[in-house]
Amino acid sequence: MKRLILQAVHLIKQNPFYSLVAIVGTAVTIAFVMVVVMIYEFRSADMAPESDRSRLIYTDTGVTMRKDGTDRYRGMGRTAYEKLFTNLPGVEDATWYAALMKGACSLPASSDRHNYNIKNVAPNWFSFFEYDFIAGRPFTQAEYDLARGALQEVDSQYKNYEAVMNPDYRCVVVGERVARQFFGSAEEAVGKTLLINFVPATIVGVVADVSSIFQAAYAEIFQPFTLTNEENQYTYWERNYLRGARLAVIKMASGTSAEEVRREVERRELVLNNQQTEFQFKMQNLYNHTEYTFFRGSSVNPHLVYVLLILVLLGVPAISISGLMNAQMQGRLSEIAIRKAYGASNVSIIGHFFVEGLVNTLIGGALGFVLSYALVSLGRVWLLGNGISNLSAISVDISMALRLDLFALVLLVCLVFNLLAVLLPATLAVRKNIVVTLKGGE
């Protein structure tokens, strides 16, 4: 075996062009297939903090309008959320949040400001998703209610300004990067005051940074979903709080289908709108996690798209390499004839080409494995980002990227293609007459 491998390496040196094509083709094929599959799994597999992605349903913003379809506004308010998603049959839990926004953050009496991605969340947000608290804790229901109360109107014109500017009335949870930026460590940040859009808040907890591939769970700062987010605006209460800024996430119980949830929400929506005299609310779409992540709002099946993409990535290079290997074999017919003339058996000749193809494939596989991780790691912002995060906000855990089972499967497929491309022409070649082959005949 050692002798055959050494011979194969020697022949690779003798045929550098064909060997290089086979190696590079295999490496690129394996790398691209692994990147496609890894991206799909990064975005769809159950993994913390979105540990139950397979059971999640996401809402769109919804639309409020008058009964005649005019005066349309996007957004779901408290009334619509509670009527549609509270105590749904077959649903284990539900929560809500507001769309991600940028906010200027600084320390009190400091002009050094940094922008971070902020998300306003419900009080059960940190029990709904699985965050890793490095220091501190989530804000409690009492702290959530206190923040809402601080922003209630004292009368028809003024808010409780003193309460708003009191950091004890506003508790937030921040990511580790934010804590280190302002306080040096996660532990030091807990209990400290941070100005968020010039309003003071007390940091009660620090979580491990969340990658933006987790579209629902990602943020750098989490703060209570206060009254300013949904009720202190005319277009909200004028529509009986059907309109607001809520986006909902629903966690189905085991054994419940997304279609069952959709039908129940549609039924509740009909009941809700029949109770309204002037306005109605329409929840236009409910998405499962895969639909929400890929091709949202279209009829394209993401599973089918990825299967077809993988088949193309596997098939096109395989066909190209097969054609090239067949051409190479035709050019080596005289070599095969001479080896047979010196007494080499058909099995030894075919075995020689088998080892040569195996070595090429294994070298290409090793390079493809390294290339796939390099592509995901170095190109993580382009491949995994969603346009809202800076480079440091997106991390790739090496255990997530180094999928040995996936690599073995793709390598096996490439090995079959490459060996067939070599062995079939070699088998046909050794059956030819030596004299005819040397004369260049068929």
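User: How many disulfides does the structure hold?
Analyst: The structure holds zero disulfides, a disulfide being a pair of cysteine sulfur atoms within 2.5 Å. This is a predicted model, in which local features need pLDDT of at least 70, side-chain atom pairs count only at pLDDT 80 or more, and totals for chains, interfaces and linings use all residues. Residues are numbered from 1 along each chain as its sequence is written, and side-chain values use heavy atoms, with hydrogens and water left out.

User: Is Cys105 buried or exposed?
Analyst: Cys105 is buried, at a relative accessible area of 0%. Buried means under 20% relative accessible area, exposed over 50%, and partly exposed in between (1.4 Å probe, protein chains only). Cys171 also counts as buried, at 7% relative accessibility.

User: Turning to salt bridges, how many are found in the whole structure?
Analyst: The search finds 16 salt bridges, each defined as a side-chain nitrogen of Lys or Arg within 4 Å of a carboxyl oxygen of Asp or Glu. One of them joins the side chains of Arg239 and Asp71, at 2.6 Å from N to O. This pair links distant parts of the chain, 168 residues apart: Arg239 is in the loop between helix H9 (234–237) and E12, and Asp71 is in the loop between strand E2 (63–66) and strand E3 (73–74). Helices (H or I, at least four residues) and strands (E, at least two) are DSSP runs, numbered from the N terminus.

User: And how accessible is Arg239?
Analyst: Arg239 counts as buried at 2% relative accessibility, whereas Asp71 is partly exposed at 29%.

User: Which residue forms a salt bridge with Arg180?
Analyst: Arg180 pairs with Glu176, their closest N and O atoms being 2.8 Å apart. Both residues lie in helix H7 (residues 176–183), four residues apart, about one turn of the helix. Arg180 is partly exposed, with a relative accessible area of 47%, while Glu176 counts as buried at 19%.

User: Which residues are linked in a network of salt bridges?
Analyst: The network links Asp52, Arg55, Glu92 and Lys251.

User: New topic: why is strand E4 largely enclosed by the rest of the structure?
Analyst: Strand E4 (residues 91–97) is largely enclosed because five of its seven residues are buried.

User: What joins E4 to strand E12?
Analyst: Six bridges join E4 to E12 (residues 247–252), and the two strands run antiparallel. Two strands pair if DSSP finds at least two bridges between them. Within this pairing, Val91 stands opposite Met252 in E12.
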